[in-house]
Each structure stands twice: as C-alpha cells, then as structure tokens.
Amino acid sequence: MTKIHQQVLIVDFGSQVTQLIARRLREMGVYCEVHPYNKVDAAFAEQFAAKAIILSGGPNSVHWDDSPRADDCLFNLGVPVLGICYGEQTMCAQLGGSVSASAEREFGRAEIEIIAASPLFEGLQKIETVWMSHGDKVDALPDGFVAIASSANAPFAAIADETRQFYGVQFHPEVAHTPCGAKILSNFVKNIAGLSGDWTMAAFRGEMIAKIRAQVGEGRVICGLSGGVDSSVVAVLLHEAIGDQLTCVYVDTGLMRSGETEQVVGLFRDHYNIPLIAVDAGDLFLGKLSGVSDPEKKRKIIGSLFIDVFELEAKKLGGADFLAQGTLYPDVIESVSFDGGPSVTIKSHHNVGGLPERMNMKLVEPLRELFKDEVRELGRELGLPESFVGRHPFPGPGLAIRIPGEITAEAVALLQKADAIYLDEIRKAGLYDDIWQAFSVLLPVRTVGVMGDERTYDQVLALRAVTSTDGMTADYFPFPHDFLGRTATRIINEVRGINRVVYDITSKPPGTIEWE
C-alpha cells in the first residue's frame, strides 16, 4: 500500500489528552493517526508503515491484571518510539526494566532537570516546567537506556536509548501546561525521525476529494446540512467532488437559532448554487420530544428523526446511496470508549451514537479525523465566507440540549430571543472572534423577581462562553462585569418570561461545553 505522506502512528492507551498529541503534530504539518493499542498488531503495523511511533498516556497501572501493552512488534520495526507517561512505563516494563507504585505521586506542574544531552531536548533549558500526571514511576531502566531528565519525585522523568532511538517521558508534552512540549515533539518527529512535515490542508482537500469519488462512484449522496461550520464544509467539499450527485437537505427542526434557516438557505442556494431541499419539520421534532427530559433520549430521538427525514427525502429523489455528515474527531472520541470496553462514554452525539441500525444509506464522513480548527482551515481553503467559517460551533440537536428538562415551543421561542441578544452584545463588544463558543441555556428553574413593583415568577437563563483550541478542553471566557450586567439587563427587559441571568464559569473538564 503506497503512502501519500510520511506518517506517525499514535498508539492510544486511553488518556483523555491523546488527541492533543495528534493536534500538535498536525500543527507541524506531520500527518498522524490515533489507533487503540488493541488494534495495533504486526499486520496493522506493516500496512501502516509508520516513520515513528508515539505511545500515549493512559489511566491504567502496569501492575494491574490485563493492563494494556504495546504489541512487541512495535519495538522491532526499526523506527523511533516515544513513550509518554503510561507509554514510557509500559515500554520499560516490556523491554526489561521495572515500574513501581510511587509513594510520592506527581500531579500538576513540576520542574525537570535535564541531566544528559539528547536530541529529544535540543534547544531546551537545563530546567523546564512540565505537566505531570502519574502515580507509578520507573525505578529500573531496560538495558541500553539512560536517564536524560529527572524531577523531585521521578529520577527517570525522561529516558533514552539513543542507539535504537527509543525515548520516554514521564510528563505530558502534548498539553499547553508543558511550555516546551511542542519543541520536544518537534525534535522527536523532525530531528530524530526525520519527517519533513509534508501534510497541508490543501493536500487534505485534494486527497479527500479523491477518496469521496472512490467511495461514492456513481451513487447519489444526501448531505445533512445543519448550517453549522462542519456540515457546511462537508457540503462544499462534496459538491466539489461529485457535483450534481449531491443534494443537501436542511431540516428546520424548530430548534434552530433565530434567523438560522434564512441564512443557511440563502448561502447554499444563492451563493453556491448547490441543490438544496429545506424541510420544515418543527412540529414533527417538537411533537416527538414532548415530555422527554433525559438528554440522552433527546439526542437519540433527534438522530433517529433526522434519518427518517433524510430517508423520506431520498425516496422523493428516487433514492440515495449515501448520507454525508459533519462528524468530527472529538464527536467520535466522546461517544466511543477507546478500547471498545466498559470505560465511560461521556455523551453520545446525534450523528455518532444516535443512528438507527435500520438506516439504508452508507455514511460519508470526510471530516471524521479532523479537529474543529482544522475544519475551519479547510473551509477557508474551499473559499467559504469568513462569516460562516468563523461561526461558533452549533450542536446538531440544536437548542434541544440547551433546554434542560422538557422542551416546548414556548421555551424554544424564549431561548431564541435571549440567545440572539447575547450574541448581538458579544459582536457589539468586538469579542465574537475571541470566543470559541457562546450560547444561552434556558434552565428549568423559576425564581421570584420584582419588575415595575410587581412580583414575577419567571425562568432563569444561563450564559455560557468558552475559549478552546480543539474542543477537547475549554476555559470559561472572562467577560468584564459591565458586559455581563449590560447583557443581563437587556435580556430581562426584552424577553418576557426571564427574570434572572447567571454566568457559567465551569471549565472542561470537569464540565462539558454544552450542558447536555
């Protein structure tokens, strides 16, 4: 199998930040893929033909029964290997060293001292700040390894076998809390493994168009167009690949933002001249969601109804062979455990976990391995207007997951009005592009208020705004208090039925960006 790009294999042992390794490498123009440890055997490794291998961190201990191990073949391929945290520990254990539970664990920021020269640490200071997250520690090295960095509680904070080009670090270079981390990863993939960084979004565009044509052939494709960045990019990419074989279906679920339908239909019908069917299905969706409060049930109902609508429209068109979706990598990660085992699913996404088994169309998901900011970059590459490319993410289930509890038409109308005011104030303040995502949540809570000397008993609105680089982690946006006060006053004055506004200052983790 001929490889288009030099590529790195990232073996996933279940760390919550494994995907950040991929993100950092892609920022360097290095193509990489993340695969679960139990799917990587000798046959896979031969076909993948990696130029370098990174073993991720993970929540397990090498002392546990049936704890994950890297396939031994990975150490016999003759390519550089970097083990991160658990990856370092399992590499040591498998190659003849030893790992023990540490009486003094390290979580959070720590300082390492570089104690031996190594190409892994080229350009670094003798003392560097890193992010640790481990309870076990390496206490004896395999033959051929030496320590190249230490910390207060980890004498083997970084190790190297320079002859075989095997390296291990006890800390996490992929997270922003390790300032020198990007340099370490760059040293590994470029200086040690010799990768040139030949992967670009322009290259991805061309390769994905070829893949779409190969997958679809002469078949017909329906694209579920939500109006968000992801599905919009998918639609334009597909149209470039297969032209009139594509029909976009925009479903107005009755759960869209104010003015959403008019904006989306106008762009794709008038600007791109892409065949588009707009379906008004608000009554159908609101009817099926009536009385449903559980967020997982909401997502499943919405996912199923989407497919019902698509299948109906496909029949009207004379049949369709494929359904295209804007599924992203974080959607997949949050919906499926990394090893197919009993680990916790954070939440199912309507376009990942909510698809009914009876679906008669095959899926086309060209963005499945991309992060959100990469999708925006692809949108710019395709010529989408910045007003669309720069839009904040909007979930497929729409406002349904921003109304905890039962959904009613009245609640949707309240939220649409309030959310429009919130976003308007953000734009007026010049803050829209500084924020990853901002939205309002209508809470199933009523509070007493006083308006015009009269008692009110109305609903509470929560405002949410976060900064992020990839959607995997996020911090709340630090609005000035005068902005929050001005926005709250405007919402309460202009939206009858809301008498209290609060601001959510929870980061991800421990929370998620959306409330449901």
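This is a predicted model: local features need pLDDT of at least 70, side-chain atom pairs count only at pLDDT 80 or more; totals for chains, interfaces and linings use all residues.
**An aromatic pair**

A pair of aromatic rings is described by the distance of the centres and the angle of the planes. A search of the whole structure finds 14 aromatic pairs. For Trp199 and Phe204, the ring centres are 6.1 Å apart and the planes meet at 75°; because an angle over 60 degrees counts as edge-to-face, the pair is given that name.

**A cluster of rings**

Now select Tyr422, Phe477, Phe479, Phe483 and Tyr503 together. Ring pairs join these residues into a cluster.

**Charges over rings**

Proceed to Arg402 and Phe439. Arg402 lies over the face of the Phe439 ring, 4.1 Å from the ring centre. Then select Arg427 with Tyr432. Here the charged end of Arg427 is placed over the ring of Tyr432, at 4.3 Å from its centre.

Finally, select strand β16, which covers residues 454-467, and locate Asp458 within the strand. Which side chain of opposite charge is nearest to Asp458? That side chain is Arg446, at 4.3 Å. Asp458 is buried but has no salt bridge, because a salt bridge requires the nitrogen and the carboxyl oxygen to be within 4 Å. To view the surroundings of Asp458, display Val445, Arg446, Thr447, Gly497, Ile498 and Asn499, which are its contacts once neighbours within four places in sequence are set aside.

Technical notes:
Residues are numbered from 1 along each chain as its sequence is written. Side-chain values use heavy atoms; hydrogens and water are left out. Helices (H or I, at least four residues) and strands (E, at least two) are DSSP runs, numbered from the N terminus. Buried means under 20% relative accessible area, exposed over 50%, partly exposed in between (1.4 Å probe, protein chains only). Lys and Arg count as positive and Asp and Glu as negative; His and the chain ends are not counted. Contact means heavy atoms within 4.5 Å. Rings of Phe, Tyr and Trp (its six-membered ring) pair if their centres lie within 6.5 Å; planes under 30 degrees apart count as stacked, over 60 as edge-to-face and the rest as tilted. A charge sits over a ring if NZ of Lys or CZ of Arg is within 6 Å of the ring centre and within 35 degrees of the ring normal.
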